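Please look over the sequence and the model first.

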Amino acid sequence: MRMKRKKNLDERIEASSDYLTIMKNDSLNYKDAVNENHQIDFARLFGNSKPVYLEIGSGKGQFGCTFAKENPDKNILCVERNRNVLILAIESAREMGLGNIRFLCGTAEYLPSYINEKSVEEIYLNFSCPFPKHKHVAHRLTNPRFLEIYKKILKPNGVICQKTDNMHFFEYSLESFSQSGFKLSNISLDLHHSDFEGNIVTEYESKFASQGLPIYRLEARL
């Protein structure tokens, strides 16, 4: 079910410039957008030189805000294209008084024109849309075209952490990462019944786990 548009959404987004950067090239072909330079100065954006972590598809911000709260020595940049849920994440961060989280409104295709090469410590892909139809496979965030983007912005030995409830998407991701030269580790086929520590539960994760569905997780390193 599609979420009802939030009241005064445009005004609330406009009033969020302290937390939010909006991509300027959504209307361009992503291959052309790469040639545009809107590189974000992380030190200026966050007001510090702490290491930066990236979540792509942040939803209502439960993961990002929890990460920021639990890791005051780190910064996290959360990417989300849906303004209707993005505003909830921003307002949660503001309510919690978090100074080490910022938001980028846009899509992953355009990240190379905003994120400097070799500047991100880790990337989190939490319950990305699996795009189950084969004709939409290029839109999966673990498709090789996206993995090439992640390679550029990750620091050497950088890590991508993925979680999903979709077994077929997870199997696709395992193959895609491997074929793109990533080394896989900490693979879990049932995260909530494993000995993994430090997991930050997302909104979707709570929902799926409560239904008894297994949560799949992996780490992919350059």
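What follows describes salt bridges and the places of their partners.

The model is a predicted one, in which local features need pLDDT of at least 70 and side-chain atom pairs count only at pLDDT 80 or more, while totals for chains, interfaces and linings use all residues. Residues are numbered from 1 along each chain as its sequence is written, and side-chain values use heavy atoms, with hydrogens and water left out.

A search of the whole structure finds 9 salt bridges, a salt bridge being a side-chain nitrogen of Lys or Arg within 4 Å of a carboxyl oxygen of Asp or Glu. Among them are the following pairs.

| Pair | N to O distance |
|---|---|
| Arginine 94 and aspartate 18 | 2.8 Å |
| Glutamate 148 and lysine 151 | 3.1 Å |
| Arginine 221 and glutamate 219 | 3.0 Å |

Helices (H or I, at least four residues) and strands (E, at least two) are DSSP runs, numbered from the N terminus. Glutamate 148 and lysine 151, by contrast, both lie in helix 6 (residues 144–153), 3 residues apart, which is about one turn of the helix.

Is glutamate 219 buried or exposed? Glutamate 219 counts as buried, at 7% relative accessibility, where buried means under 20% relative accessible area, exposed over 50% and partly exposed in between (1.4 Å probe, protein chains only). Its partner arginine 221 is partly exposed, at 31%, and salt bridges that share partners join Arg217, Glu219 and Arg221 into one network.
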